[in-house]
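Please look at the chain and its ligands shown here, and then follow the questions and answers that come after.

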Amino acid sequence: MKTRAAVAWEAKKTLEIEEIEIEKLKEGEVLLKVVASGVCHTDAFTLSGEDPEGVFPCILGHEGGCIVLECGPSVKNLKPGDHVIPLYIPECGNCKYCESSKTNLCQSIASTVWTGFMPDGTRRFSKNGKSIYHYMGCSTFSEYTVIPEIALAKINKEAPLEKVCLLGCGVTTGIGAVLNTAKVEPGSTVAVFGLGGIGLSVIQGAIMAKASRIIAIDVNPNKQQMAKFLGATDFINPLEINGSISEYIKEITNGGVDYSFECIGNIHVMRDALECTHLGWGVSTVIGVAGAGKEISTRPFNLVVGRTWKGTAFGGVKGRSQLPDYVNRYLSGEIELDSMITHKMPLEDINKAFELMHNGTSIRSVILF
Ligand code: NAD
Ligand code: AHE
Ligand code: ZN
Ligand code: ZN
């Protein structure tokens with residue numbers, strides 16, 4: 001069949017809207033109608049050419065809200081009409097990672113997901129005979145896409161797909177980082193570096209965890225309002241303080257915060273985020289994704305004296321078994337999504353979504369098909 005898709009032909013180039021071919025489904029695969037897709041900074045990161053795993057041409061997008069159109073052979077638990085959220089980290093349910101409660105990083109199809117292929121090592125998208133790579137196993141910047149059943153979370157049909165698509169990455173990552181990865185306790189102090197879709201969701205998570213003080217940090221002063229609306233107690237613009245941001249945070253918190261989160265992808269900020277935590281017990285969680293060749297550093301002494309550096313992918317959430325509950329928590333008013341969606345646009349305007357992200361105007365843009 002044919003589909004309309006935004007194709008990233010090359011790194012650093014704008015996306016082009018094309019009519020492309022989708023091949024028929026293979027074992028365990030599902031054909032989906034994409035109703036909506038959020039645009040995450042990771043899409044921009046890969047398009048920038050910085051992603052060591054980036055391959056082109058590809059169809060980006062990994063924050064989708066979709067309806068099942070057709071199920072391939074051996075698909076067991078989905079049927080046409082089901083509503084699903086694609087998962088860039090699948091949950092096969094029987095690899096050693098799925099069996100462990102310590103991680104969400106199912107590895108059953110990781111080698112193909114992160115190199116642009118379907119689990120059988122082939123691709124379903126092409127244009128005039130030229131194959132196009134999948135992206136993060138999702139490729140939601142296409143009106144129709146193909147995803148394995150093990151990478152689809154079946155969700156409550158009452159949930160609006162144009163809102164809950166944000167649970168396919170940004171919001172779940174931020175909330176999960178606080179609750180699953182850092183495990184912030186009531187009364188804790190928290191610093192959040194970078195207030196995009198991820199950092200603002202960390203603030204939501206910190207409120208759920210009953211943190212007593214939430215310090216929101218961004219170089220864009222316009223992010224203050226939304227951070228405070230979601231529950232931040234303080235806002236700091238690092239460009240407005242003299243000297244080091246980590247020293248400043250230690251000063252105003254009597255020695256440092258209990259927990260910090262880096263939600264930018266900047267290795268220098270990752271260091272500040274670790275070093276602004278409290279001696280003896282501070283925990284800093286890296287969420288931001290940094291480019292090829294980038295490395296983090298700090299004095300080993302900062303770890304010797306009891307600070308911990310952690311990281312998280314998709315907030316530690318196991319997609320098929322745990323994401324449906326996030327959707328229900330949105331429906332019950334416990335998770336905020338609506339105000340995170342600052343822009344909506346048709347696929348034809350997708351390049352505008354990247355511009356709005358880069359110039360700091362949007363929190364999340366949602367593409368409506
Ligand atoms: P975004 O572009 O919407 O937000 C980034 C924010 O950081 C912006 O508000 C920007 O003004 C701010 N910022 C930039 N430089 C700064 C600095 N030096 N100090 C303070 N603030 C600064 O991005 P997003 O979609 O929220 O994603 C954030 C990061 O998280 C990206 O690196 C993305 O790739 C990554 N990410 C990781 C996961 C994961 O599972 N680990 C999931 C989603 C996104
Ligand atoms: N390809 C990059 C890494 C990209 C990355 O870290 N991706 C995150 C999700 S970001 C979502 O917006 C992730 O979950 N990774 C898990 C994994 O197994 O890659 C690189 O640096 O190579
Ligand atoms: Zn993402
Ligand atoms: Zn698994």
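Q: Over how many bridges do strand β16 and strand β17 pair?
A: In this predicted model, β16 covers residues 341–346 and β17 covers residues 364–368, where strands (E, at least two residues) and helices (H or I, at least four residues) are DSSP runs numbered from the N terminus. Two strands pair if DSSP finds at least two bridges between them. The pairing of β16 with β17 is in the parallel sense, and the number of bridges is five.

Q: Which residue of β17 stands opposite Pro 346, and through which helix does the chain cross from β16 to β17?
A: Opposite Pro 346 stands Leu 368, in β17. The β-α-β crossover is right-handed, a term used if, with the strands pointing away from the viewer, the path from the first strand over the helix to the second runs clockwise. The helix on this path spans residues 350–358, and it is α12.

Q: What is the order of the strands in the open sheet of six strands?
A: The edge strands are β12 (234–236) and β15 (308–311), each of which pairs on one side only. Neighbouring strands are turned by 20° against each other on average, direction ignored; the axes are lines fitted to C-alpha atoms (for helices over the stretch in contact), and angles run from 0 to 180 degrees between N-to-C directions. The pairing is parallel, and the order is β12-β11-β10-β13-β14-β15.

Q: Which residue of β15 stands opposite Val 283?
A: Strand β14 takes up residues 283–286, and β14 and β15 pair in the parallel sense over four bridges. Opposite Val 283, the residue in β15 is Thr 308.

Q: Which residue of β7 is the bridge partner of Phe 125?
A: Strand β6 (residues 125–127) and β7 run antiparallel and are joined by three bridges. The partner of Phe 125 in β7 is Ile 132.

Q: Which residues come nearest to ligand 1?
A: A residue is near a molecule or strand if its C-beta atom, placed from the backbone, lies within 6 Å of it. The shell around ligand 1 divides into 17 nonpolar, 14 polar and two charged residues, with Ala, Val, Leu, Ile, Met, Phe, Trp, Tyr, Cys and Pro counted as nonpolar, Asp, Glu, Lys and Arg as charged, and the others, Gly among them, as polar. Of the 33 residues around ligand 1, the nearest are His 41, Gly 194, Gly 196, Ile 198 and Gly 265.

Q: Which residues come nearest to ligand 2?
A: The shell around ligand 2 is made up of ten nonpolar residues, one polar and two charged. Of the 13 residues around ligand 2, the nearest are Thr 42, Pro 52, Glu 53, Val 289 and Ala 313.

Q: Which peptide bond is cis, with omega near 0°?
A: Pro 57 has its place in the loop between α1 and β4 (63–71). The cis bond runs from Phe 56 to Pro 57.

Q: How are the residues and chains labelled, and what pLDDT do local features need?
A: Residues are numbered from 1 along each chain as its sequence is written, while chains are lettered from A and ligands numbered from 1 in the order in which they are written. In this predicted model, totals for chains, interfaces and linings use all residues, side-chain atom pairs count only at pLDDT 80 or more, and local features need pLDDT of at least 70.
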